[in-house]
Structures are given as C-alpha cells and as structure tokens.
Amino acid sequence: MNLEAWMRATSLTDAAMAGRIGVSTFAVRKYRRAERIPTPQIMARIVEATAGQVTANDFYAQHPDTTRAA
C-alpha cells in the first residue's frame with residue numbers, strides 16, 4: 001500500500017502525518033505524491049507510523065526514477 005492510499009484510508013492529514021514522522025507537511029506531500037523518496041531514517045519512521053502497511057518497496061514501485069527499464 002502506498003502512503004497516499006494509507007493516508008486516505010486512515011483519514012490522516014499531511015500535517016498529522018508530518019507530526020508522527022517528524023518532517024514538514026511539504027515533505028509529506030512530496031512523499032505522498034511520489035515526488036520524493038524518503039531517507040532511510042524517515043522511511044523507518046513511516047513504516048513504524050503505518051504499522052508496516054507502507055514499506056520502502058511501496059515508494060520505489062511508484063517513483064518515476066525507479067520504474068524505467070534498464
């Protein structure tokens with residue numbers, strides 16, 4: 001499940017998620033829209049905040065820079 005879907009399913013706002021993982025609302029918006037991949041430290045916080053429902057693989061699977069064929 002990607003962050004966008006998880007936040008929608010839990011009715012969590014960008015501001016609320018930002019507070020849970022210790023980043024700005026701008027950063028959450030970028031993560032949610034797959035415009036930025038979180039650092040490993042932030043990724044671990046996201047996994048914890050979502051009880052493992054959002055993982056690193058979810059970010060790499062949807063990010064445009066990681067979906068190109070080799």
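Buried means under 20% relative accessible area, exposed over 50%, and partly exposed in between (1.4 Å probe, protein chains only). This is a predicted model, where local features need pLDDT of at least 70, side-chain atom pairs count only at pLDDT 80 or more, and totals for chains, interfaces and linings use all residues. Residues are numbered from 1 along each chain as its sequence is written, and side-chain values use heavy atoms, leaving out hydrogens and water.

Switch to a cartoon view. The protein chain shows 5 helices and 0 strands, in the order α-α-α-α-α along the sequence. Both are DSSP runs numbered from the N terminus: helices are H or I with at least four residues, strands E with at least two.

Next, select Leu3, Met17, Ile21, Tyr31 and Ile46. These have the most contacts inside the largest nonpolar core, which has 16 residues. Such a core is a set of buried Ala, Val, Leu, Ile, Met, Phe, Trp, Tyr and Cys residues joined through side-chain atoms within 4.5 Å. At least two of its residues come from each of helix 1 (3–10), helix 2 (14–21), helix 3 (25–32) and helix 4 (40–49).

Now stay on helix 4. Which residues are buried there? Select Ile42, Met43 and Ile46. They lie on the same side of helix 4, because their arc around the axis is only 105 degrees. That arc is taken from the directions from the helix axis to the C-beta atoms. Turn to the other side of helix 4: Pro40, Gln41 and Glu48 are exposed.

Last stop: Ala51. This residue follows helix 4 and has a positive phi, near 55 degrees.
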